[in-house]
Amino acid sequence: MSNDVVEITFAEIKKIWETELWPNKKNGVKETNNWAWLYPSRVLWQDKRIEKNEFGVPYFFGIKNVYGKLVCVNSCFKTTSSHVFSYKDEQYWRSRGLWTSPDHRRMGLATKILNHTSTFVAKKRASWLWTVPRKNALSAYERAGFKKQEDSEFEDGQFGPNCIASKCL
């Protein structure tokens with residue numbers, strides 16, 4: 001396995017998301033969703049501008065084994081800029097859809113792809129990278145420098161419990 005992180009297409013990641021990460025997801029699997037977050041909030045809200053790509057397009061990453069099969073994936077997209085009353089010009093990006101093949105877990109691939117995602121969005125002038133991991137996957141994010149937002153746990157009704165985790169860049 002080369003362990004190189006490469007940019008992939010939505011079609012490639014969608015197959016994995018539909019079969020491995022979010023099987024039978026209500027309303028199907030889409031490139032993004034409308035959840036938005038600003039530090040230090042402990043809640044999410046809906047922002048319809050995200051699905052319209054008003055903040056830009058999503059990016060998809062993968063790590064392939066020597067046979068070209070994806071064994072780890074992740075995505076990112078800009079969700080919002082700083083609050084209108086903020087004195088800072090901050091950009092918030094979301095990491096979404098992290099998945100590692102069960103046969104390739106505990107090999108550092110999740111950390112590698114999350115670090116790649118962090119570097120990628122930092123080059124795009126992101127201030128924050130945030131995510132909504134399942135509680136049982138939080139440790140993978142913590143190894144890549146994410147911190148769980150206190151009192152942010154919630155049940156999404158399908159794949160949770162989840163929480164909000166973020167990384168200041």
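1. Contact here means that heavy atoms lie within 4.5 Å. Leaving aside neighbours within four places in sequence, K30 is in contact with F10, W17 and R96. K30 lies in the loop between α1 (10-21) and β2; helices (H or I, at least four residues) and strands (E, at least two) are DSSP runs, numbered from the N terminus. At 45% relative accessibility K30 counts as partly exposed, where buried means under 20% relative accessible area, exposed over 50%, and partly exposed in between (1.4 Å probe, protein chains only). The C-alpha atoms of K30 and E18 are separated by 9.7 Å, and these residues are 12 apart along the chain.

2. On the basis of the model: this is a predicted model, in which local features need pLDDT of at least 70 and side-chain atom pairs count only at pLDDT 80 or more, while totals for chains, interfaces and linings use all residues. Residues are numbered from 1 along each chain as its sequence is written, and side-chain values use heavy atoms, with hydrogens and water left out.

3. Aromatic rings come next. A search of the whole structure finds 13 aromatic pairs. Rings of Phe, Tyr and Trp (its six-membered ring) pair if their centres lie within 6.5 Å; planes under 30 degrees apart count as stacked, over 60 as edge-to-face and the rest as tilted. One of the pairs is formed by W35 and F154, which are edge-to-face at 5.9 Å centre to centre, with 75° between the planes. This pair links distant parts of the chain, 119 residues apart: W35 is in strand β2 (residues 35-36), and F154 is in the loop between β8 (147-148) and β9 (165-168). W35 is partly exposed, with a relative accessible area of 22%, and F154 is also partly exposed, at 25%.

4. W37 and Y92 form another edge-to-face pair, 5.8 Å centre to centre and with 75° between the planes. W37 lies in the loop between β2 and β3 (45-46) and Y92 in strand β6 (residues 91-100), so the pair ties together parts that are 55 residues apart in sequence. Both W37 and Y92 are buried.

5. Ring pairs also link F10, W17, W22 and F60 into a cluster. Two of these rings carry a charge, in the sense that NZ of Lys or CZ of Arg is within 6 Å of the ring centre and within 35 degrees of the ring normal. The charged end of K25 sits over the ring of W22, 4.9 Å from its centre. The charged end of R96 sits over the ring of W17, 5.1 Å from its centre.

6. Strand β4 (residues 59-64) is largely enclosed by the rest of the structure, because five of its six residues are buried. Strand β1 (residues 5-8) pairs with β4 in the antiparallel sense over four bridges; two strands pair if DSSP finds at least two bridges between them. Within this pairing, E7 stands opposite F61 in β4.

7. I13, in helix α1, is buried at 0% relative accessibility. Not counting residues up to four places away in sequence, I13 touches I8, F60, F61, V73, N74 and S75. I13 and G62 are 49 residues apart in sequence and 8.0 Å apart in space, C-alpha to C-alpha.

8. K78 lies in strand β5 (residues 70-81) and is buried, with a relative accessible area of 15%. Apart from neighbours within four places in sequence, its contacts are F55, Q91, Y92 and W93.

9. S166 is placed in strand β9 and is buried, with a relative accessible area of 3%. The side chains of S166 and Q149 are joined by a polar contact of 2.7 Å. Such a contact is a pair of N or O atoms within 3.5 Å; within protein, one must be able to donate a hydrogen and the other to accept it, and residues adjacent in sequence count only if both atoms are side-chain atoms. Not counting residues up to four places away in sequence, S166 touches several residues, among them W37, W128 and W130.

10. Cysteines: a search of the whole structure finds zero disulfides, a disulfide being a pair of cysteine sulfur atoms within 2.5 Å. The sulfur of C163 is 18 Å from the closest cysteine sulfur, in C168, which is too far for a bond. C163 is buried, at 0% relative accessibility. C168 is in no disulfide either, the nearest cysteine sulfur, that of C76, being 17 Å away. C168 is exposed, with a relative accessible area of 56%.
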